[in-house]
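Please read the following report alongside the sequence and the coordinates.

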Amino acid sequence: MSLSVLVALLPAAGVWIPSVAEAQRVQPGASAVWLYSVPGSAAERYARTLENVGLRPSRALSVRDGGEGWERRSDDRPGASAATAVPPWNDTYRLNLPDETRVGLLPLQLGNSYNTAFPFQGGSGPVWHGRGFTHSLSGGAFGRWGALSMVLNPIWFRAENRAFPMANNGLDGDGRFRSPLSPNKLDQPQRFGDEPYSRLSMGNSAIRLQVLGMGLGLSTAPQKWGGGDLHPMVLGDAGGGVPHLYFGSARPFSIGIGRASVRYVAGRTLESGWYEHTGAERRRLLNGFVLSFQPRGLRGLEVGATRLFHSAWPTQRGELRTLLARPFEGFLKRSLEGVSERDDDQFASVFFRWAVPEDGFEMFGEFLRVDHSWDARTGVLEPDDQSGYSLGFRKSWLTSSGSISTLRGEAIVSGSGHRERGGARIPQAYRSRPPYWDDPVVGGLTHRGLFLASAAGPYANGQSLGFDRYQRNGRWSWDINRFVVRNPTLGATTEASSGSDVLLIVHGELVRFVGRWDVTVGAAWVRNLNRYLISDKTNVGLQFSLSRRFAALGSG
């Protein structure tokens, strides 16, 4: 039996029997702990479900980074439904800390996954799930002292990274591991080398200071901008978090005609070890802002906008100041100097969300533009130039037993606009031009080789449908996804290439609370049609994790 198998199975054998006995001793509600709702986690999706049915006030969705538990006051009141209902996990988890809680331990989680045929990213980053076994370990602590709060939540993982047939991207040596979509412009390796791949990161850690309704912080946790769930257009959780500083409103503030939220972010991304740069040249600057507005008299509606730049790291004196101010420059190339010679990628989007807790329903969407328009006339004539959009919905039902069921759907579309299809850019006239990579120095919207926006990947085309059932003792879910990896006009191809490269994914997951333990099992069937534009392949992904909850340590 391999070491990987032992690592995966021994924890289950060692804790299952005592945990069952422990379950008989724990009284309902006595062991409820703080649920750190990091974007991409089951906790974040649970928090959004409670908002859908009015059991929790709706957050401003301009930025979600897991810190809402600190930023909400204990006197927040949920909607009318809470008068007769209690959240299904109320005996196990609480989304907001009691005022008297100052320090505590986060759950200690051991995760295991296995892919039979090829890498499949069954969850959010920073963990990369290669072929074979992947193990991860996370845990930590939290504390708050007046206006200062802190979360320490590092993550370690090790991917067995077994060999599998790779696409021929035209490069030799370590270059062969690069993306076949665009090996010289997109830093998203198809395989992270030919040895086991492991990494220790700060994971979802953060320290923040909140004074007079404003927040200042340093964080490595993922951010999700806008209303998207699986498919945010600008920043999401698919690649994990980026070390960053931020400053903005801690809570929505009144501006007379409604309430507004704003945040400015500046962070550092790194290339993977399989792209073209080494040393300090691997660093990139990621900075931008997101703002949102909730108009008075239109309950549940939120609209917003984002702008983000991903640039080569500054090396000249005064360059950093210029780059930090760049998100506030104009959108028209005609009024800017040297914009075509820059080493950067730019993204701008508008988004909306409309939630109606009385009906348990919300819908949301986002429209993305890449690069500047030449002038206002061009912007009006060609608004879809290098663009994409996403649309989604969530419908939740609160039952008399206290359980909540949620049906959710989402779609994302991007690619060439009519300007390319009409031949205005002759070299790209009839070729796909996805929005997320353009500059070879920057290497796409990635961090350490993982894409930072939609779960569908950098081609940004796909559809998702899922269902969640939250009960007092846990949750069960299923998901069906269709993601387009690329079409025959993009990346390395062969004479045998035909049709688009498409992933069909059916995934199921079950979570059970047993005493102070959370036990999670899952399985995914992944059918890759026209893999590498050549032939069909099937992968089966298995997941198993154990998480140990701890009571708060006290008032500190």
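## Aromatic pairs and clusters

Rings of Phe, Tyr and Trp, the last represented by its six-membered ring, are taken as a pair if their centres lie within 6.5 Å. In this predicted model, ring pairs link Tyr46, Trp89, Tyr93, Tyr470 and Phe513 into a cluster. The structure holds 21 aromatic pairs. One of them is formed by Phe467 and Trp478, whose ring centres are 6.2 Å apart and whose planes stand at 15°, so the pair is stacked, given that planes under 30 degrees apart count as stacked.

Because Phe467 belongs to strand β23 (residues 462–471) and Trp478 to strand β24 (residues 474–486), this pair ties together parts that are eleven residues apart in sequence. The two partners can also be described by their accessibility: Phe467 is buried, with a relative accessible area of 16%, whereas Trp478 counts as partly exposed at 30%.

## Charges over rings

Arginine side chains are also placed over aromatic faces. Arg48 lies over the face of Phe364, at 4.8 Å from the ring centre, and the charged end of Arg307 sits over the ring of Phe331, 3.8 Å from its centre.

## Helix α2

Is helix α2 largely enclosed by the rest of the structure or largely open? Ten of the eleven residues of α2 (residues 42–52) are buried, so the helix is largely enclosed by the rest of the structure. The buried residues are Ala43, Glu44, Arg45, Tyr46, Ala47, Arg48, Thr49, Leu50, Glu51 and Asn52, a list that includes charged residue types such as Arg48, the residue placed over Phe364, as well as Tyr46, a member of the aromatic cluster. Following α2 comes Gly54, which has a positive phi near 80°.

## Nonpolar cores

The largest nonpolar core comprises 40 residues, and those with the most contacts inside it are Trp225, Leu308, Tyr436 and Leu445. Two or more residues are given to this core by each of β15 (283–295), β17 (344–356), β18 (361–370), β24, β25 (501–514) and β26 (517–531), and the largest share, three residues, comes from β25.

Apart from this core lies another, of 16 residues, among them Leu35, Leu55, Trp89 and Phe513.

## Strand pairing

Strand β10 (residues 214–219) and strand β12 (residues 244–249) run antiparallel and are joined by six bridges, with Gly215 standing opposite Gly248 in β12. Strand β12 is in turn joined to strand β14 (residues 258–270) by five bridges, again in the antiparallel sense, and there Tyr246 has Val265 of β14 as its bridge partner.

A further set of pairings involves β17. Strand β16 (residues 301–312) runs antiparallel to β17 and is joined to it by eleven bridges, where the bridge partner of Glu302 is Arg353 in β17. Ten bridges pair β17 with β18, also in the antiparallel sense, and Val356 stands opposite Phe361 in β18. The hairpin of β17 and β18 has four residues between the strands, and in this hairpin Gly360 takes a positive phi near 65°.

## The surroundings of Trp128

Which residues are in contact with Trp128, leaving aside its neighbours within four places in sequence? They are Pro119, Gln121, Thr134, Phe157, Ala159, Asn161, Gln190, Arg191, Phe192, Tyr197 and Leu450. Trp128 lies in the loop between β4 (103–115) and β5 (132–145), and Trp128 is buried, with a relative accessible area of 6%. Although Trp128 and Ala159 are 31 residues apart along the chain, their C-alpha atoms are separated by 7.0 Å.

## Whole chain and confidence

The protein chain has six helices and 27 strands, and buried residues make up 54% of its 556 residues. Among contacts in the chain with a separation of 6 or more, 68% are accounted for by residues 24 or more positions apart.

The mean pLDDT of the chain is 85, and 85% of its residues reach 70 or more. Over residues 71–83 the pLDDT stays under 50, and for this stretch the model has 27 contacts beyond four places in sequence. Over residues 417–423 the pLDDT likewise stays under 50, with 19 such contacts in the model.

Technical notes:
Residues numbered from 1 in each chain as written. Heavy atoms only, no water. Phe/Tyr/Trp six-rings, centres within 6.5 Å; stacked < 30°, edge-to-face > 60°. Buried < 20%, exposed > 50% of the residue type's maximum accessible area, 1.4 Å probe, protein only. Lys NZ or Arg CZ within 6 Å of the ring centre and 35° of its normal. Core = buried A, V, L, I, M, F, W, Y, C linked by side-chain atoms within 4.5 Å. pLDDT = per-residue confidence, 0-100. Contact = heavy atoms within 4.5 Å. Pairing = 2+ DSSP bridges.
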